[in-house]
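Please look through the sequence and the structure shown below before reading on. The report that follows takes up a few places in turn and describes what surrounds them.

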Amino acid sequence: MKSNLKIAVVTGTRAEYGLLRPLIKKLDEKYSIVIIATGMHLSPEFGLTVNEIENDGFRVEEKIEMLLSADTKTSVVKSMGVGLISFAEILERTMPDLLVVLGDRFEILTAVTAATIMKIPIAHLHGGELTEGAVDDNIRHAITKMSHLHFTSTELYRRRVIQMGEQPDTVFNVGAIGLDNIATLHLLSKEELSRDLGLQFKEKCILVTYHPVTLESVSIEFQIDTLFSVLEEEKSATIIFTKANADADGRYINSRIEAWSHKHPETHLFASLGSLRYLSLLKVSDVVVGNSSSGIIEAPMVRTPTVNIGTRQNGRLRALSVIDCSYNKEEIGNSLKKALSAEFLSEIETMDNPYGNGTTSNKIIEIIDKIDLEKLIPKHFYDWS
């Protein structure tokens, strides 16, 4: 066991931290870790979720304020500039043996850019995936090319990372890390959630997360108006929204949801629920609606149907429980009816989840223990044949 390693973990959003949490716990038990919190974690507007990390017993050693309070593509690019300067300073001061990152967001791109120049090995989770409706797709592949260790969530994604020129002996199919929480946490019952969240569940519960679709030509106004018009007809349902992320138009989505929630007492909006409450809601809900990756990856493990709207998740592998639809009101409504039908619930009862079984963190630790990090730099291109 390489107990003398210093490993830095970067997290910029509540969702990303929720996925990384079981791995951070295991890394903290074995190595010296440095948690770097940035992005939405430090914004009161998005729930100041750095507190959730600290409430879990972890020390957030470094904090990077980089998020501009604006809702445009320009503000995102400027935020990246601020972040890059700060990551350079922090990585120079801490000099970790390995930088661990997850996913495809702009905050993570700034971190790995700085680490690449400073010759710090990078381990990347969830590479090789496709989300063709969002600029995140390009960011994810860029992060892959700057990373040295790759922990993918399926065998298809492992092959895709190798196809991008990464050495096969550095690319590992370990499953989706978000499933570790479901496998290990004692999820709350509907009664416990009712007390904890201060709400009463109706006959049905619909969990909604809707993020900006950054490469979509259909206007965000139309997307949100259509979603609301469908939910308006669900009179017998408790509707629970979680806030959109900090991409361009994220603030617009959140402001629209806030205004809509005030007019509909059966609707509840949360800036952040935390891993336990969110996954518990995922399990007790009758359906997940929106365009979040949690509807694609985590929801199938708890057998909750997903109505996935639009193009944001185009390219990701699907379980049988995921129903794709366009932004058309009738199509969304029909998909919702299908998801709630007894016939569909029976069909997905014994389905397989392509993203694994919740043992990802253990696999990653075993690999880090065996890998010679000093041999990861420089990288060598692998020619696919």
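## Leu23 and its surroundings

In this predicted model, Leu23 is in contact with Val100, Leu125, Ile177, Ser361, Ile364 and Ile365, when its neighbours within four places in sequence are left aside. Leu23 also belongs to the largest nonpolar core, which has 34 residues, and it is listed there with Ile7, Leu27, Leu125, Phe151 and Ile368 as one of the residues with the most contacts inside that core.

Several elements supply this core: two or more residues come from each of β1 (6-11), α1, β2 (32-38), α2 (50-55), β4 (98-102), β5 (122-125), β6 (149-152) and α14. The element that gives the most is α1, with six residues. Apart from this core lies another one, of 31 residues, and Val213, Ile224, Ala319 and Met351 are among them.

## How α1 meets α14

Helix α1 covers residues 14-30 and helix α14 covers residues 360-370, and their axes come within 9 Å of each other while crossing at roughly 40°. Because of that angle, α1 counts as oblique to α14, and the crossing of the two helices is right-handed.

On the α1 side, the residues that take part are Pro22, Leu23, Lys26, Leu27 and Lys30, and they meet Ser361, Asn362, Ile364, Ile365, Ile368 and Asp369 on the α14 side. Sorted by class, the residues of this contact are six nonpolar, two polar and three charged. An α-helix has 3.6 residues a turn, so residues three or four places apart point the same way.

## How α3 meets α4

The axes of α3 (73-94) and helix α4 (residues 106-117) come within 8 Å and cross at roughly 40°, which means that α3 is oblique to α4. This crossing, too, is described as right-handed.

Val76, Ser79, Met80, Gly83, Leu84, Phe87, Ala88 and Leu91 of α3 meet a set of residues in α4, namely Phe106, Glu107, Leu109, Thr110, Ala111, Thr113, Ala114 and Ala115.

## Met95 in a loop

Met95 is found in the loop between α3 and β4. Is Met95 buried or partly exposed? Its relative accessibility is 42%, and therefore Met95 counts as partly exposed. Not counting residues up to four places away in sequence, Met95 touches Lys6, Met118 and Ile120. From C-alpha to C-alpha, Met95 lies 33 Å from Leu276, and the two residues are 181 residues apart in sequence.

## Buried residues of α11

In helix α11 (residues 274-284), the buried residues are Ser275, Tyr278, Leu279, Ser280, Leu281, Leu282 and Val284. Against which elements do the buried residues of α11 pack? They pack against α1, α7 (178-184), α8 (190-197), β8 (204-209), β9 (237-242) and β11 (287-290).

## Asp136 in α5

Asp136 has its place in helix α5 (residues 136-146). With a relative accessible area of 6%, Asp136 is buried, since buried means under 20% relative accessible area. Leaving aside its neighbours within four places in sequence, Asp136 is in contact with Asp104, Thr131, Asp247 and Arg312.

Key. Residues are numbered from 1 along each chain as its sequence is written. This is a predicted model: local features need pLDDT of at least 70, side-chain atom pairs count only at pLDDT 80 or more; totals for chains, interfaces and linings use all residues. Side-chain values use heavy atoms; hydrogens and water are left out. Axes are lines fitted to C-alpha atoms, for helices over the stretch in contact, and angles run from 0 to 180 degrees between N-to-C directions. Helices (H or I, at least four residues) and strands (E, at least two) are DSSP runs, numbered from the N terminus. Angles under 35 degrees count as roughly parallel, over 145 as roughly antiparallel, 65 to 115 as roughly perpendicular and the rest as oblique. A crossing is left-handed if the near helix is turned anticlockwise from the far one by less than a right angle, and right-handed if clockwise. Contact means heavy atoms within 4.5 Å. Ala, Val, Leu, Ile, Met, Phe, Trp, Tyr, Cys and Pro count as nonpolar, Asp, Glu, Lys and Arg as charged, and the others, Gly among them, as polar. Buried means under 20% relative accessible area, exposed over 50%, partly exposed in between (1.4 Å probe, protein chains only). A nonpolar core is a set of buried Ala, Val, Leu, Ile, Met, Phe, Trp, Tyr and Cys residues joined through side-chain atoms within 4.5 Å.
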